[in-house]
Amino acid sequence: MRLTRRTLIAGTGLLAGLGLPARAAAQDGEGSERRAVLVVLPLVRKDYVGDSGTDTPNIEVLRGDSLRFDRVIPESMPALPVRRTLVTGMRSYPFRDWKRTEGMPAVPGYNPVWDWQPVMMETMGLAGVDTVYVTDNPIVEGPRFGRVERPGGSVESAGRGGIEDEIAAIRRATRATERTFKAGIRELRDFSGFVGIDPFDPVDAVQAPPIYIKPAEVDREGIGTMNDRLVELDWGGDQVDDLRSAYRDHVEAVDEWFGELMDAVPDDAFLFVLGDIGIALGEHDYIGRGTPTSHRESYEIPFMIRDPDERKSGDDVDWYASTHDVAPTILSYLGLTIPGKMWGEDLTALLDDVDEDDLYDRPFSITASGSLIVVRDKRWLMVADREEIERRLYDDDEEVEDDITRFQDVANEDTGQLTDMSLAALAVAGGTLPEFGPDGALRPPRERGDDDEDDDGIPNDFDAVDNDEPDDNDDAEALGYDGRDAEDRGAARP
Amino acid sequence: MGSHRGLTRRGLLGAGGATAAALGLGACGDDYFEPATDHADDAPNAVLIVSDSTRADYIGAYNPDPRNKTPNLDALAKDSLMFSHAVPEAMPTGPARRALLTGVRSFPFRNYVPTKGLPVGPGWIPIPDFQPIVTEVLGEAGVETAYCTDNPFLIGPRFGNFRRTLDWARPSYSQGAYRFLNKPFKRPATRSTIERYLLPDLSDSVEVGRLRAMAGWNSIYRDSDRQYPTARVIRSGINLVDDLKDRRPFFLGVDAFDPHEPLDAPRVYQIAAGSPKGIELEGITPIQPFETPYSWVIDVDVDSETVERVRELYAAEITFLDEWVGRLMNTLADENLLDETVVYYMSDHGLTLGEHGILGKHAARAQWHIYHVPCMIRHPEGKLAGQTSDYFASTHDIPRTILSLMGVRAPGQMNGEDLSVLFDGGAPPERRWFTSCYDDHLLAGDTDWFMLADSEGRLKRLYDRRTDPQEVHDVAAGNPEMVDALWQVLEDEAGGTLPQFGASGGKAVIGG
């Protein structure tokens, strides 16, 4: 029995030369010549890279050189929560920490990095590693984030009037890429430690992206109000063509700039390249970023690691890696101890020959956008609101070619999947999903129409104490909370 | 301080980290299996010693009181990095064990659902399916794993998924008061047999059955000190060392349920701890002075002399534990393992012995008697031997530290800190406050302040530890900003919101 198990893991060695476990390297980073670069490709969908209609030679070259992850969706959406996850290594899902923040949209997930969260750059800085982060993201600001370079983007007016505005948003992302990559190239000339190059459209910090959907679909899909992001819109095929053409231009422009950036990335640097979020381009009657669509390609992002020693170069992995794995992985590569609060996995294990099946089990890919959660595996995709009043389940079996069957909601059929996926979503959230009021995550949740007789905000069913008639045992006086009471009750002097 | 028996008699530990030349063990490979390469080539072994219900202030190294006769633990402390302010991240026994085994915070019990086979109350659940287990991770990294315990919950029906991860599982079914969970054997003693343990005010309580079960078990299975639960557990640990010494690197957990009540150390230790007083003079030895989990002192109607005797009986149990910890350490020394083994010692919570008018453990009285536990790590090279750290080390830090010192990657879900950085001259990420929970109560504080609140936040009690180290006088009314700050600390640590629990913990937590 033992023999078998040992035999299985024999050969998954991780200590060959460079594959030191995180703590084996110098804790203070001294003596380490290692350096790492993080590059974000804004709004790039995985299926558009290497697609026949899109010319992306530079990203494809990197893909050939990298360990790539084929089934990555960001663990929370849209663009702003993704950034919080990237720099903290903590899951932002399910936005339990959401508090309405001035200057940000009233949508769960839109808040700054809190003081109690770890920050990748701070951990590096404390260990004496130089860092610079190039971005226009306003939440990456303050002493904890190390040196931050602003490429100089400004908030441009953004409408939500339809396809034209969505095309304008895509173009803004293109421009953000251009200026951020240019600034990044300057930083890459001569650097040590860590450089992050993260194009960010500043509008994404002050406005949540709209979700366009055809009017007939709203009732049928039962997607609710979506924190006011929902816009009903009827569009024609020409408009979708325009949108896709604009998007293709964006991906190609990003690729072109990425090529120039890659010329500046030294060969001895560890390189982590990923998209931030996908975009729905009219598939399944949805348009927008971070939408609750049943179309899985709208979520998937490119996600690649290039190791300077070419370990696992060209390999691909199905394991459900996500954005919260980025910070732990980079820290581990630099030989730093990963703060315990970072939830992501250290993906350098894969470079050290650990098999993806031996990584810690992650049976589903789970993400949140606003008040919605999306749970996915290779076949099934569930979209639910967190009260689980609306749950949609799609049997997206790749073997089935008939689109009608593939994308019908089968939540009412007894597949067992709905339960499994809901439980997984709850487990990752720590046991419960928060509900949201106008100002933040609610404690506790209120079921709609619940009675609350003593008016303390806790529904009767879950209220241990009726405040109008407190139970004697729960009464402060009865429990002797006062010090003198305790003595009366026979407390002996220690 | 007490005299140094045990360890130091051999002068081995006193030498403070004999040269570490032996650390690179070529012995890693044996003829039984191909050496797995997942752990570091020079990975030291890990021995994790856990004792239940152990207050730090009853250990000589923490509190040099003449009552505390713990020469072996003191010697271990002298060779260890000692954490002066260790607080388990969640309590009591069940949740603390989960954190010790998974490295995942149980706080704030958001995933609680009432579970058959475990007590009803927030925090009492098995190890959830999606959480890692340290012995599983170690096993996959090629480390031989062993665990011996008499903890009724760990050997009970709900921790099977933990036991299955072990190469060597040595359960010991010897805990009288809790044997009903395990049912390997049942022959309760007669009522008259237990009269000498029974306080008059408990004569109608559930403790009657427990004491009868314990006395019945003892009459059959306990004919010498070696048959006491602690001795049984640590003896199996000592035997396991013999099995494991050729299968390095190994992990050995030795987890004793004592000094849990009943406080029945062998008679000779009880006598050594002090003289009969209070109710004992009337012929009743108060080894079970409360109805588990707690009684008010006033309700069991004992005088302060009897409370003093209860403390002595508790100290006697710790001395008995200490004696056996010494034997375990001597075995490691005899086998020349101390130079290549990291030894961890920690407890899961304390016990209130008359303070605040309580005997036992009560969530609403989870002051320092409950939350301040011993914690020490003995580095094989003697690094930081005899030093003290005031980091708020916790139960969930232990698994990551074990993995790290063995060169094994910790799963990301293990959200404790890697304390091994201390041995390299580094510091773990700042932990400004300690936070913990016990049933439906929450704890937060630092060296100056301590707040104890119920999870709904209706009653928040604040103690100024600088002027009131016993945490008796609630000063919440005068320091609202500190109360708010600590409540915010709890919410932040919980990820934004705190869960609420149904009445009496009989319902699953819903939301929050």
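Is L43(A) buried or exposed? I started my notes with this residue, keeping in mind that the model is predicted. L43(A) turns out to be buried, because its relative accessible area is 5%, and under 20% counts as buried. I found it in the loop between β1 (35-41) and α2 (57-65) of chain A.

Then I turned to the cis peptide bonds in chain B. One runs from F107(B) to P108(B), with omega near -5°; P108(B) lies in the loop between α2 (93-102) and α3 (134-140). Another joins D258(B) and P259(B), with omega about 10°, and I placed P259(B) in the loop between β5 (250-256) and α8 (267-273).

On to a sheet in chain A: I traced 4 strands in the order β8-β7-β11-β10, an open sheet with mixed pairing. Its edge strands are β8 (230-232) and β10 (280-281), each pairing on one side only. β7 (residues 211-213) runs parallel to β8(A) over 3 bridges, and I213(A) has E232(A) as its bridge partner there.

Last, I checked the surface of chain B. D201(B), E282(B), D299(B), D301(B), D303(B) and E305(B) form a negative patch. D201(B) is partly exposed at 42% relative accessible area, in the loop between α5 (191-194) and α6 (207-221).

Definitions and conventions. Residues numbered from 1 in each chain as written. Chains lettered and ligands numbered in written order. Predicted model: local features only at pLDDT ≥ 70, side-chain atom pairs only at ≥ 80, totals over all residues. Heavy atoms only, no water. Pairing = 2+ DSSP bridges. Helix = DSSP H or I, 4+ residues; strand = E, 2+ residues; numbered from the N terminus. Patch = residues over 30% accessible without salt bridge, like charges linked within 9 Å, V, L, I, M, F, W, Y side chains within 5 Å. Areas by Shrake-Rupley, 256 points an atom, 1.4 Å probe, with all protein chains shown as cover. Salt bridge = Lys/Arg side-chain N within 4 Å of Asp/Glu carboxyl O. Lys, Arg positive; Asp, Glu negative; His and termini not counted. Charge placed at Lys NZ, Arg CZ, Asp CG, Glu CD. Buried < 20%, exposed > 50% of the residue type's maximum accessible area, 1.4 Å probe, protein only.
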